[in-house]
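Please look at how the two chains of this model are arranged and how they meet. The report below takes the symmetry and then the interface.

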There are 2 protein chains.
Amino acid sequence: MQSIQQQPTFILVRPQLAENIGAVARAMANFGLSQLRVINPLCNLLDEKAVATAAGAEHLLHQASVFDSIEAATADLQWLYGTCATQRHMIKEYIPLPLAMTKVMTQLAQHTVGILFGPERTGLGNDILSRCHQIIQIPVDPDFSSINLAQAVILTGYEWFKQTQDLHILLNCGETTLATQGNLQRFLDDLEQALDRANYWREPHKKPLMWQNLQNIFTRLQLTEQDLRSLRGVFQSLTRNQTK
Amino acid sequence: MQSIQQQPTFILVRPQLAENIGAVARAMANFGLSQLRVINPLCNLLDEKAVATAAGAEHLLHQASVFDSIEAATADLQWLYGTCATQRHMIKEYIPLPLAMTKVMTQLAQHTVGILFGPERTGLGNDILSRCHQIIQIPVDPDFSSINLAQAVILTGYEWFKQTQDLHILLNCGETTLATQGNLQRFLDDLEQALDRANYWREPHKKPLMWQNLQNIFTRLQLTEQDLRSLRGVFQSLTRNQTK
């Protein structure tokens with residue numbers, strides 16, 4: 001048995017425009033994909049327009065395999081998906097792109113997977129779609145569903161890449177760190193005392209609620225140690241000016 | 001209070017190339033988005049290259065509002081996101097695109113939301129990013145992270161559109177329907193009898209397992225009523241030839 005590919009093979013069927021092939025290469029590189037096959041391209045894969053839109057990913061154009069038939073291009077692949085933005089009149093299972101890529105990620109542990117993309121003007125023909133196990137449907141507004149070849153590849157590559165990533169929200173602190181509660185408390189204590197001295201509260205019975213609201217602003221900020229130093233500097237500077 | 005927009009406003013900051021602005025319009029139309037603002041474009045929004053790449057979405061170019069400053073372009077918006085593919089040296093919360101769009105969908109019920117996209121060559125500058133509440137990070141391969149302006153808009157629009165959709169796998173049956181278990185059973189019974197007559201099983205004790213495997217093929221197929229008729233025709237035709 002042949003070695004198992006860890007990524008899907010993208011197969012362009014009769015692409016027309018060199019700039020689209022270049023944009024496909026760029027998008028594949030953006031999403032860590034390198035397995036590109038092209039069936040009967042109507043232009044040169046190394047055309048200068050292709051190289052220009054590849055924007056640094058022209059190695060994918062050099063590595064791409066060119067075939068003269070769907071049979072030759074897919075002979076070694078085990079699972080075949082077609083892509084389209086609208087449904088055809090064909091008894092076929094349509095699977096939305098994000099769900100499809102979850103499935104592809106699972107399949108790749110066991111099978112080789114090819115994903116077919118049709119020519120710019122027409123998309124995949126029914127002759128090709130009838131060879132596919134399932135059709136990947138790219139969700140678009142049905143009232144404006146014409147998407148570009150490169151767009152289809154971008155979205156498919158993106159959904160595949162997401163499967164490989166552990167995405168999480170990150171507070172980028174750079175050289176500093178999120179402030180400890182102790183340091184935040186000292187900052188708040190100093191601010192409270194400064195506001196006491198400045199007679200900020202005016203009506204003392206209102207202070208508890210006013211102070212609670214102010215504390216909420218500063219805790220919502222997710223302040224770092226550096227932020228605390230900056231804000232201390234700001235308040236000290238304003239206090240100095242005030243007492244002059 | 002102004003009426004609440006039900007979709008995010010996309011704001012292009014100093015876009016350079018007309019073809020990218022057109023591609024942005026096309027992508028927005030693909031994903032049902034229409035709120036486009038442009039700050040200090042370096043080209044004409046209605047340039048023929050923009051209209052060509054808009055590919056039918058030039059109404060978005062006509063409707064787009066042009067501003068001469070970030071302040072003017074965002075004055076009425078309540079929540080502001082910047083987009084970028086790589087992290088900057090800035091104390092800021094980075095939120096991956098898919099999570100961000102889940103949040104945007106929730107926010108839109110209550111707030112107006114703007115999403116900023118930077119110039120092609122440089123992306124958003126730190127001066128703009130420092131005005132944003134959060135940074136949307138588009139997941140790309142860190143080794144090849146340069147993405148096109150239109151690509152960033154395509155991916156952002158796509159993730160937003162997905163939030164509005166109920167995505168599910170669909171067996172497209174066209175004019176026919178999935179076969180009932182009764183009709184499938186009659187088809188299988190007839191096939192079994194035909195195989196009995198043809199002495200397909202050879203060793204009778206092997207029949208139960210062989211038949212189970214064959215049944216698995218036909219149930220896996222998710223056959224429609226039309227498929228059943230087609231397969232009946234196939235088997236009848238082969239049986240006729242066999243008995244000649």
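This is a predicted model: local features need pLDDT of at least 70, side-chain atom pairs count only at pLDDT 80 or more; totals for chains, interfaces and linings use all residues.

Residues are numbered from 1 along each chain as its sequence is written, and side-chain values use heavy atoms, with hydrogens and water left out.

Chain A is superposed on chain B by a rotation of 180 degrees with 0.1 Å of shift along its axis, at an RMSD of 0.1 Å (least squares on the C-alpha atoms of residues with pLDDT of at least 70 in both). That is the relation of a two-fold axis, and in chain A the C-alpha nearest this axis belongs to A:Leu155, 3.4 Å from it.

The totals for the interface are set out here.

| Item | Value |
|---|---|
| Contact residues, chain A and chain B (heavy atoms within 4.5 Å) | 49 residues and 49 residues |
| Buried area (accessible area, 1.4 Å probe, lost on being put together, summed over both) | about 4,100 Å² |
| Salt bridges (side-chain nitrogen of Lys or Arg within 4 Å of a carboxyl oxygen of Asp or Glu) | 2 salt bridges |

Because 100% of the interface residues of chain A are also interface residues in chain B, the copies meet through the same surface. Carbon and sulfur atoms give 60% of the buried area, and A:Ile91, A:Phe144 and A:Asn172 supply 17% of the area that chain A buries against chain B, more than any other three residues. In one salt bridge, the side chains of A:Lys162 and B:Glu159 meet at 2.5 Å, N to O.

How values were computed
Chains are lettered from A and ligands numbered from 1 in the order in which they are written. Buried area is the accessible area (1.4 Å probe) that two parts lose on being put together, summed over both.
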